[in-house]
Amino acid sequence: MSRIFFAVFFALTFSVFAQSRDALALYRAGNYAESIQICEDEIKSNPANLDSYVVMCWSLVGNREYARAEQVAYDGLKLSRYDIRLIEILGEAKFYLGKNNDALKQFQEYIANAPDRTGARIDTAYYFMGEIYIRQAKFQHADIALSAAVRKRTQASTWWTRLGYAREMAGNYYEALAAYETSLKLDPTSTDAENGKKRVSDHLR
């Protein structure tokens with residue numbers, strides 16, 4: 001009897017593990033709807049499976065189901081109030097829903113609690129904070145946040161362009177020019193960076 005029990009136990013454990021791994025692989029491949037379905041099934045069979053809530057939230061945001069991602073993140077946080085993955089993805093969901101102040105709080109909490117402030121999505125959190133500050137016309141704050149973002153992801157040409165824009169709007173034209181030029185070195189085809197460079201160059205003449 002014990003052998004049968006352990007055989008069934010290990011088979012079920014392996015099945016759940018494989019399914020979780022598949023959901024994450026599907027998310028990474030951009031198959032968001034399939035990933036969501038797997039996570040839903042996992043949560044039905046094991047409502048305490050925190051990883052399923054996390055991957056489901058990532059996939060929901062990827063699938064642009066932001067309101068649902070917000071709710072699932074809250075459900076997951078009921079299981080683990082300080083899971084930094086859920087804290088961060090809840091910020092993303094709120095960002096896309098236009099809940100700027102709430103999103104900002106989530107990103108700030110994530111950055112404050114990520115181990116050694118080197119969490120896997122620290123750069124993303126800073127980027128979203130910068131975008132929120134641009135929305136709020138707090139361009140100096142946006143400069144600080146986006147500068148932190150590009151320090152951690154130096155090859156993100158779009159982020160350099162947004163940093164240039166924040167600096168331009170703050171009237172820091174030399175710094176804006178440097179950011180736009182960095183963006184163009186990374187992506188010479190960026191029309192936004194090229195147009196920004198032209199605007200600030202005109203100011204500096």
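Author: Start with a definition: a helix here is a DSSP run of H or I, at least four residues long, numbered from the N terminus. The model is predicted.

Reader: Which residue with a positive phi follows α5?

Author: Helix α5 covers residues 84–96. After α5 comes a residue whose phi is positive, near 80°. That residue is G98.

Reader: How far apart are the end C-alpha atoms of α5, and what span should its residues give?

Author: α5 has 13 residues. At 1.5 Å a residue, they should span 18 Å. The distance in the model agrees with that, because the end C-alpha atoms are apart by 19 Å.

Reader: Is α5 mostly covered or mostly uncovered, and which helices do its buried residues pack against?

Author: α5 is mostly covered, with 10 of its 13 residues buried. Among them are L86, I87, L90 and F95. Charged residues are on the buried list too, including E88 and K94. The buried residues pack against α3, α4, α6 and α7.

Reader: How are α3 and α4 oriented to each other?

Author: Two packed helices are described by the angle between their axes and the distance between the axes. The axes of α3 and α4 come within 9 Å and cross at roughly 165°. Angles over 145 degrees count as roughly antiparallel. Therefore α3 and α4 are roughly antiparallel.

Reader: How many nonpolar, polar and charged residues make up the contact of α3 with α4?

Author: α3 passes α4 in a left-handed crossing. On the α3 side, L50, Y53, M56, C57, L60 and V61 take part. They meet α4 residues including V72, A73 and L79. The contact divides into 11 nonpolar, one polar and two charged.

Key:
Residues are numbered from 1 along each chain as its sequence is written. This is a predicted model: local features need pLDDT of at least 70, side-chain atom pairs count only at pLDDT 80 or more; totals for chains, interfaces and linings use all residues. Side-chain values use heavy atoms; hydrogens and water are left out. Axes are lines fitted to C-alpha atoms, for helices over the stretch in contact, and angles run from 0 to 180 degrees between N-to-C directions. Helices (H or I, at least four residues) and strands (E, at least two) are DSSP runs, numbered from the N terminus. Angles under 35 degrees count as roughly parallel, over 145 as roughly antiparallel, 65 to 115 as roughly perpendicular and the rest as oblique. A crossing is left-handed if the near helix is turned anticlockwise from the far one by less than a right angle, and right-handed if clockwise. Contact means heavy atoms within 4.5 Å. The expected span of a helix is 1.5 Å times one less than its number of residues. Buried means under 20% relative accessible area, exposed over 50%, partly exposed in between (1.4 Å probe, protein chains only).
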